[in-house]
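Here is a short briefing to read alongside the model. Take a moment to look the structure over, then follow the points below.

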Amino acid sequence: MRRAVGAETQSLQSAVDAFDEAAAGVLGVNRTDLRCLEALFQGDRLTPGVLGPALGLTTGSVTAMLDRLERLGYVTRSSDPSDRRKVVVGITEEATRKVWDLYGPIVADGEEFMKEYTAAELTVLTGYLRRSRELYERHLTRARAMPAAAKRR
């Protein structure tokens, strides 16, 4: 049974990855840009200093990403009202609509099929998903610290 859970988890990750690749194509962005939009879609206005580490980007890469997303009309940058020296980034209504057009039906379908589970089963599933995420987050730090392979020509 554990092997079946592992296989289904891997299949889920592959399906999510494939969908995100298609969604990035629809939005005309790369996968890192999509992850930025996802972070902003959660409703938070974030600083570039928060986005960079969350996405594994350098300061210069964050600036280039935000320039791309701003040109597409997906993000805005403005002064932080509590500290005018800081910049905050927000997602635009257009980007919110486009992201919801892609992911909203998944949310609706997911809410529907989760009705089949008891509260106790959902508690177990939530624990499994949380621990799986935490596992990957721990190993992400390790992977980011490893040297990148040289590109072949």
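At what angle do helix α1 and α5 pack, and how far apart are their axes? In this predicted model, α1 (residues 2-27) packs with α5 at an angle of about 155 degrees, and their axes lie 10 Å apart.

**How the two helices meet**
- Angles over 145 degrees count as roughly antiparallel, so α1 and α5 are roughly antiparallel to each other.
- The handedness of the α1 and α5 crossing is right-handed.
- From α1, the residues Phe19, Asp20, Ala23, Val26 and Leu27 take part, and they meet Lys98, Val99, Leu102, Tyr103 and Ile106 of α5.
- Sorted by class, this contact of α1 with α5 has eight nonpolar residues, two charged ones and no polar ones.

- You will find Thr92 in the loop between β2 (83-91) and α5 (93-114).
- Thr92 has a relative accessible area of 15%; buried means under 20%, so Thr92 is buried.
- The Thr92 side chain comes to 2.6 Å from the backbone oxygen of Gly73.
- Setting aside neighbours within four places in sequence, the contacts of Thr92 are Gly73, Tyr74, Val75 and Thr76.

**Glu112, in α5**
- Helix α5 also holds Glu112, which counts as partly exposed at 48% relative accessibility.
- Between Glu112 and Ala15 there are 19 Å in space, C-alpha to C-alpha, and the two are 97 residues apart in sequence.

Methods:
Residues are numbered from 1 along each chain as its sequence is written. This is a predicted model: local features need pLDDT of at least 70, side-chain atom pairs count only at pLDDT 80 or more; totals for chains, interfaces and linings use all residues. Side-chain values use heavy atoms; hydrogens and water are left out. Helices (H or I, at least four residues) and strands (E, at least two) are DSSP runs, numbered from the N terminus. Buried means under 20% relative accessible area, exposed over 50%, partly exposed in between (1.4 Å probe, protein chains only). A polar contact is a pair of N or O atoms within 3.5 Å; within protein, one must be able to donate a hydrogen and the other to accept it, and residues adjacent in sequence count only if both atoms are side-chain atoms. Contact means heavy atoms within 4.5 Å. Axes are lines fitted to C-alpha atoms, for helices over the stretch in contact, and angles run from 0 to 180 degrees between N-to-C directions. Angles under 35 degrees count as roughly parallel, over 145 as roughly antiparallel, 65 to 115 as roughly perpendicular and the rest as oblique. A crossing is left-handed if the near helix is turned anticlockwise from the far one by less than a right angle, and right-handed if clockwise. Ala, Val, Leu, Ile, Met, Phe, Trp, Tyr, Cys and Pro count as nonpolar, Asp, Glu, Lys and Arg as charged, and the others, Gly among them, as polar.
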